[in-house]
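Trainee: I have a new structure to look through today. Could we go through it together, one part at a time?

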Amino acid sequence: ELKKLFEAEGSPERTRAKDFFFFSYNCSGMNFKDIANLKYNQIDGNRLKFFRKKTESTTSEQTEISVYLTAFAHDVIKKYGNPDLKPNSFVFNIINENMTAEQKQVAIKNFTRSVNQGLKKLAKVVGIDENISTYYARHSFSTNAIKSGASMELVSEQLGHADLKTTQNYFSGFEDESV
């Protein structure tokens with residue numbers, strides 16, 4: 001189904017949704033809040049280093065996540081990236097420094113909703129009946145990594161999970177469906 005979705009063609013809205021979905025997938029299942037908060041100073045050649053936004057206020061010691069940027073990920077940055085390449089500029093024009101925390105939260109929710117709507121439309125066109133969403137990129141990354149031989153601990157680290165049980169829950173939900 002990932003291949004069908006990746007090869008699907010559609011409107012600019014649907015293509016953008018697909019591109020950001022696979023950007024997340026290619027960046028170790030990066031959460032969409034983290035995508036929105038990416039800054040150019042977090043990119044070092046073919047590596048992207050960041051801390052999960054979701055856990056920044058709930059975890060005393062955050063672990064830096066480092067992911068390899070594939071050619072596809074570089075292409076998405078080139079295609080949708082902010083032309084202001086200053087180190088402290090956001091990579092994507094989803095949020096900006098002038099927004100309040102509430103405005104940023106709304107903008108990220110709107111961005112995620114837009115991607116989800118485009119994904120659902122594209123999935124329907126290619127015959128995928130699942131109720132697909134941005135979160136499937138994280139689950140698909142983790143499932144495929146583990147099935148390809150990556151350790152549960154490594155995948156947990158790449159997803160930014162503080163507790164291995166969270167990663168095990170990701171995998172168990174998909175494991176039952178693939179039997």
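This is a predicted model: local features need pLDDT of at least 70, side-chain atom pairs count only at pLDDT 80 or more; totals for chains, interfaces and linings use all residues.

Trainee: What is the average pLDDT of the protein?

Mentor: The average is 83, and 74% of the residues score at least 70.

Trainee: Which elements have the lowest and the highest mean pLDDT?

Mentor: Helix α8, residues 164–177, has the lowest mean, 57. The highest mean belongs to α4, at 97.

Trainee: Let's turn to the strands. In what order do they sit in the sheet?

Mentor: The order is β1-β2-β3, in an open sheet with antiparallel pairing. β1 (43–44) and β3 are at the edges, each with a single partner strand, so one side of each has no neighbour in the sheet.

Trainee: How many bridges join each pair?

Mentor: There are two bridges between β1 and β2, and four between β2 and β3. As examples, D44 stands opposite R47 in β2, and K49 has S66 in β3 as its bridge partner.

Trainee: Which way do the side chains of β3 point?

Mentor: They alternate along the strand.

Trainee: What does F23 touch, sequence neighbours aside?

Mentor: Beyond its neighbours within four places in sequence, F23 is in contact with M30, I35, L38, F72, A73, V76, I77 and F92.

Trainee: And α5, how does its length compare with what it should span?

Mentor: At 1.5 Å a residue, its 25 residues should span 36 Å, and the end C-alpha atoms are 36 Å apart, which agrees.

Trainee: Which residues of α5 are buried, and what covers them?

Mentor: The buried ones are K104, A107, I108, F111, T112, V115, N116, G118, L119, L122 and A123. Their cover includes α1 (2–7), α2 and α3. Just after the helix, G127 takes a positive phi of about 85°.

Trainee: Could you give me an example from α3?

Mentor: F32 lies in that helix. With a relative accessible area of 5%, F32 is buried, because buried means under 20%. Setting aside neighbours within four places in sequence, F32 is in contact with F20, F21, S24, I108, F111, T112, V115 and T134. F32 and F111 are 79 residues apart in sequence, yet their C-alpha atoms are 8.5 Å apart in space.

Trainee: What about A17, buried or exposed?

Mentor: A17, which is found in helix α2, counts as buried at 1% relative accessibility. A17 touches V115, G118 and L119, not counting residues up to four places away in sequence. The C-alpha atoms of A17 and F111 are separated by 9.4 Å, although the two residues are 94 apart along the chain.

Trainee: New topic: where is S28, and what is its phi?

Mentor: S28 lies in the loop between α2 and α3. Its phi is positive, about 60°, although S28 is not a glycine. Most residues other than glycine have a negative phi. S28 also counts as buried, at 8% relative accessibility.

Trainee: Back to the whole protein. What share of its residues is buried?

Mentor: Of the 179 residues, 44% are buried. The protein exposes about 10000 Å², and carbon and sulfur atoms supply 49% of that area.

Trainee: And how much of the contact count comes from residues 24 or more positions apart?

Mentor: Such residues account for 54% of the contacts with a separation of 6 or more. The pair F32 and F111, 79 residues apart in sequence and in contact, is one example to locate in the structure.

Note on methods: Residues are numbered from 1 along each chain as its sequence is written. Side-chain values use heavy atoms; hydrogens and water are left out. Contact means heavy atoms within 4.5 Å. Two strands pair if DSSP finds at least two bridges between them. Buried means under 20% relative accessible area, exposed over 50%, partly exposed in between (1.4 Å probe, protein chains only). The expected span of a helix is 1.5 Å times one less than its number of residues. Accessible areas come from the Shrake-Rupley method with a 1.4 Å probe; for residues, only the protein chains shown count as cover. pLDDT is the predictor's confidence in each residue, from 0 to 100.
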